[in-house]
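Please keep the sequence and the structure in view while reading.

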Amino acid sequence: MDLSNMPSFTSIEVDRLSALLDLDILDTPTERDFDDITRLAATALGVASAAVSLIDEKRQWFKSRHGIPFPETPRDISFCTHAVASRDILVVPDATRDDRFSENPLVTQEGGIRFYAGIPLIISSGYCLGTLCVFDPIVRDGLTEAQEAVLQDLARLTTDLIETRRFRKMGEIAARVADTTSDAVLATDRDGTIVYWNPAAERMFGYARNEAIGQNVEIVIPPRLAKGHREIFARAAAGGATRLVGTTVELVGGRADGSEFPIELSLARWGAGPPDGGFAAIIRDITARKALEREREQAQAFLDTVVTNLPAMLFVKDAQTREYVLVNRAGEDAIGRPASEIVGQTDRDLFPDYGDGYEERDSEAIASPSATMFESEFVRDDGQSVHLRTTRTLIDGPDRPGQYVLGISENVTETRLAEAEVLRLAHFDALTGLLNRASFTDRLHGLVRNAEPFAMLSIDLDRFKAVNDQFGHSAGDAVLAQVGDRLRAAVQSRDWVARIGGDEFVAVLTGGRLRERADEVATAILTSISEPFTTGRVLAHLGASIGIVLLPEDGRTTGQLRENADLALYRAKQMGKGKACFFDAEMDAAAQDRRTLETELREVIENDGIDLAYQPVLSAKTGQITSAEALARWTHPDRGPIRPDIFISLAEECGLIDRLGEQLLRRACRDAQGWPDHVRVAVNLSPLQFLSGKLIETVQQALDDSGIRADRVQLEVTEGLVIRDVEGTFQQLEQLRALGIQVLIDDFGVGYSSLSYFQRFPFDKVKIDKSFVDEIGTSRAAKAIVEAVVGLGAALDMGVVAEGIETEEQRHLLVASGCTHLQGYLFSRPVTANTLGKMLTTPDNLEAMASRAA
């Protein structure tokens, strides 16, 4: 990795590190306020990880972290070091394409960083301590203005928290605030003599502290107003009523140079009363705010002009009286009357024949939690008939919430006439009113034939089958009809939506900005579909996944586009429910490669061609081999060794895991039957094997076929398995235990690590994840976690296996911590069954391993 552009260690850096140490924040426990900020940052930006990162001399340490499994990293690989050096926001849309980071191990590792954004944390002294950063394993376009504003606000809040956390006493905090606030803080005795004057008061009024103390408070009052203020102050000093005390008022202040400026004054009494005490005041210079108010007045005038000249009809009614309070010029034109004849009247007054219907729609809009849309035919006074599509929504007013009904009406007469003609040709789906499959196909072929650029969104509903199964097809049809309405509302009039299957839809966008508009429309659709559907007494919840393709970028034939849209849709579903995904060429290559690998995996499983390797597990006390973990291995004739996490997950996705799991378990039992009687074999189980309903039968059959004693077989499960189905999992684990089999929990500490698992089920051993073993010599946290797990194992009479041991230092620390069993390359790499059999019967091998374990 090229570190030539990293910042050098300068005297400024020495001062910065000194400022960081002075804050006494490094290596402190987690604090809720900081954790709330990182969690809020991750949620607000929709990323996997967020952190309050502090950069000291050699490392990046996380004061707070969300979605990050480690507490710190070396400084030379941290992204945040660059943000600290530049003292400016750092945004990396795709780290793999950035020369600074493309070779960074935080990027190159599996699931590594792709998108990163960091805001420097600059304290009041001007030193930058670190960053508030967010990152994600998915490439992003960068930050929107709104997202950047959120990060900036959270960074300022973080800086404030860092600087104020050391002040434990309210008095110290108050003194600090008074000294650092931009508001003037002053206090007088009962005679009006100034007794306290903070630095902000010096800056605001132009009097140094030693000049102001002892002077009468009238020095901050313009001479022309001094008499009136003097009378008010005297009345308040005598205990009389005054509107100044206990309230905030706007006044005029005077500076030492004689200039005047608007101020906001908050006044309170201090002391026990006459003759003691006096008055304390907080004074704020509101010059900028007054200027802003003037700007807002100008903006309001501009807004009024916009509303008046808006091309669409806009009206506002009082929600209680239903009287019009505003109609713009387009509204006058649509209704055919001037605003003077409309404002103050109701629809019943204006349109006696059908005003009741308009007011009923107002009532529905008032009762609805979201905007409502209606279309109607309106006949003007001159006899002209127009179709209006009106969106109504309830808005708050200055007097009360929900004071007004806001409506915007579009003249859709021409659109409706055109749609009526298309309907006559029966090109629409009868249930949803959307284009049907045949019409969609015709239009799509036409666009492709003419090479007209377009974006196609393939939309598949999530959980719709459950709605049909739970509520019946009638409710399902009603939901589909509402889906059609929502999809129609999400696209522009020039675009179109079709229903091409039971719960499959397609939206086609034409015109300009296709990629941007497709992203916007997809987001709108996902948001809309996630809202509940109400049909009669049924409340249904759906979601959607969307695959997006563009012509000509993603294909030039209908077949290519449909296939690539399916690939993008498949990727969207893999990303999780409620996602949209654009097609790219890598998907096509990955899909073809996956299909090939799946075919080859089916063939190799059909031929029982997945091998097993065995890694010994030693007793920490005796150094003897007590068991061996069976590890699946697939050596492809062309690709070479395939990683287990790849082909195991592929077997799970393709429904092959039960067959593969049965093969491996049978072979492991057969191999172990030939080992010494005290040596056990450990086999990993996939979570999906617990879902098949055949696991107990499979295990029993393997025991029967091999003749191995059940107590020589260990089955390893992960915390993730338990999370999926707690009740079902523990029920099956208890059945396995009843057979005499030992049950181990693997990779402990990297998942949810719920201690309630140990209360529900007595595991025989717990395996400490390799990530803690790797860091036991360098991380206090890792060592503490290992010691805690060992203590838990001792208390519950469980063995504790440390896996992934590679160095003598790790072995020594783990044995000293109390681990009962050891496993790793330090003792032996995974070997074949024959090699392990020789190791178990060769004294030299056993003595060598025992000496390394001792």
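A cavity, as the word is used here, is a set of grid points where a 1.4 Å probe fits but cannot get out, and lining residues have an atom within 4 Å of such a point. The model is predicted, and by this rule the count comes to 4 cavities of 30 Å³ or more.

**Largest cavity**
- The largest cavity has a volume of about 160 Å³, and 17 residues line it, with M313, Y358, L388, T390 and R392 nearest its centre.
- Two or more lining residues come from each of β12 (313-318), α14 (355-367), β14 (372-379) and β15 (385-395), and β14 gives the most, with 4 residues.
- By class, this lining comprises 9 nonpolar, 3 polar and 5 charged residues.

**S409**
- S409 has its place in strand β16 (residues 404-411) and is buried, with a relative accessible area of 5%.
- Although S409 and L314 are 95 residues apart along the chain, their C-alpha atoms are separated by 6.5 Å.
- Leaving aside residues up to four places away in sequence, S409 touches A312, M313, F315, R389 and T390; M313 and T390 are also among the residues nearest the centre of the largest cavity.

**Second largest cavity**
- The second largest cavity has a volume of about 50 Å³, and its lining includes V617, E629, Q714, K765 and H821.
- β25 (625-636), β28 (713-718) and β30 (765-768) each supply at least two residues of this lining, to which β25 gives the most, with 3 residues.
- The lining of the second largest cavity divides into 4 nonpolar, 4 polar and 4 charged residues.

**Largest pocket**
- The largest pocket has a volume of about 2,000 Å³, and of the 43 residues that line it, I138, V139, R140, M575 and A580 are the closest to its centre.
- Among the elements that each supply at least two lining residues are α2 (32-45), β22 (543-551) and α21 (585-606), while α19 gives the most, with 7 residues.
- The lining of the largest pocket consists of 18 nonpolar, 12 polar and 13 charged residues.

**Helix α2**
- α2 has 14 residues and reaches 20 Å from its first C-alpha to its last, close to the 20 Å expected at 1.5 Å a residue.
- Within α2, F34, I37, T38, A41, A42 and L45 are buried; they cover an arc of only 125 degrees around the axis, which puts them on the same side of α2.
- On the other side of α2, R32 and T43 are exposed.
- The buried residues of α2 pack against β1 (49-55), β2 (59-66), β6 (128-136) and α5 (145-164).
- G46 follows α2 and has a positive phi, near 65 degrees.

Technical notes: Residues numbered from 1 in each chain as written. Predicted model: local features only at pLDDT ≥ 70, side-chain atom pairs only at ≥ 80, totals over all residues. Heavy atoms only, no water. 1 Å grid on protein atoms, 1.4 Å probe; cavity = no way out; pocket = protein on both sides within 12 Å on 5 of 7 lines; lining within 4 Å. Points joined across faces, edges and corners; volume = space filled by probe spheres on them. Nonpolar A, V, L, I, M, F, W, Y, C, P; charged D, E, K, R; others polar. Expected span 1.5 Å × (residues − 1). Buried < 20%, exposed > 50% of the residue type's maximum accessible area, 1.4 Å probe, protein only. Arc of directions from axis to C-beta. Contact = heavy atoms within 4.5 Å.
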